[in-house]
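Me: I would like to learn how to read a few features of a model. Please give the general idea each time, then the case at hand.

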Amino acid sequence: LHRALESTIAPIVIFATNRGRSVIRGTDVFSPHGIPRDLLDRLLIIRTLPYSEEEMVQIIKIRASTEGLTIDDEAVTVLGKIGTNATLRYAVQLLTPASINAKISGRTNIIKTDIKDMTEIFMDAKSSAAMLRENSAKYMM
């Protein structure tokens, strides 16, 4: 990696980490993100923050319009809260089954109850893992 970064046509390398201050692998040395200091000196660190609920609502609106879905403001607000509590991916993934539920109900637009119905059927990854942990005795090992 050092050799590639030193070449005349050096590539752009992107590291994504949330390790914080940790041990550099293969050593006993602590360093930010577990990256050796000589490499760390060459990096530009960009701090990222989680999306706010308002930003998630905007992203969900854009995704719904991209997919050609019409969705009520209340439903978008509920999806924004779901994205904040779970993940944005889970909230966006609820759009498709909610639109199918709306079509089955004879509507062209997604409403709040469609979203609520889908959250009862589909779980986010954290809830699913917690449920599996709680009921681990009921599964074959």
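**Reading the model**

Reply: Start with Arg107, which is partly exposed at a relative accessible area of 23%; buried means under 20% relative accessible area, exposed over 50%, and partly exposed in between, with a 1.4 Å probe and protein chains only. This is a predicted model, in which local features need pLDDT of at least 70 and side-chain atom pairs count only at pLDDT 80 or more, while totals for chains, interfaces and linings use all residues. Residues are numbered from 1 along each chain as its sequence is written, and side-chain values use heavy atoms, with hydrogens and water left out.

Me: Where is Arg107 found, and with what is Arg107 in contact?

Reply: Helices (H or I, at least four residues) and strands (E, at least two) are DSSP runs, numbered from the N terminus. Arg107 sits in the loop between helix 6 and strand 4 (109–110). Contact means heavy atoms within 4.5 Å. Leaving aside neighbours within four places in sequence, Arg107 is in contact with Ala102 and Asp114.

Me: Is Asn101 buried or exposed?

Reply: Asn101 has 16% relative accessibility and therefore counts as buried. Asn101 belongs to helix 6 and touches Asp114, Asp117 and Met118, not counting residues up to four places away in sequence.

Me: Which residues of helix 3 are buried?

Reply: An α-helix has 3.6 residues a turn, so residues three or four places apart point the same way. In helix 3, the buried residues are Met56, Val57, Ile60 and Ala64. Seen down the axis of helix 3, they fall within an arc of 100 degrees, so they line one face of the helix; the arc is that of the directions from the helix axis to the C-beta atoms. Glu54, Ile62, Ser65 and Thr66 are exposed on the other side of helix 3. The cover over the buried residues of helix 3 includes strand 3 (70–71), helix 4 (73–85), helix 5 (88–93) and helix 6 (95–104).

Me: What span should helix 3 have?

Reply: The expected span of a helix is 1.5 Å times one less than its number of residues. The 14 residues of helix 3 (residues 53–66) should span 20 Å, and its end C-alpha atoms are 20 Å apart, which agrees.

Me: What follows helix 3?

Reply: Helix 3 is followed by Gly68, whose phi is positive, near 75 degrees.
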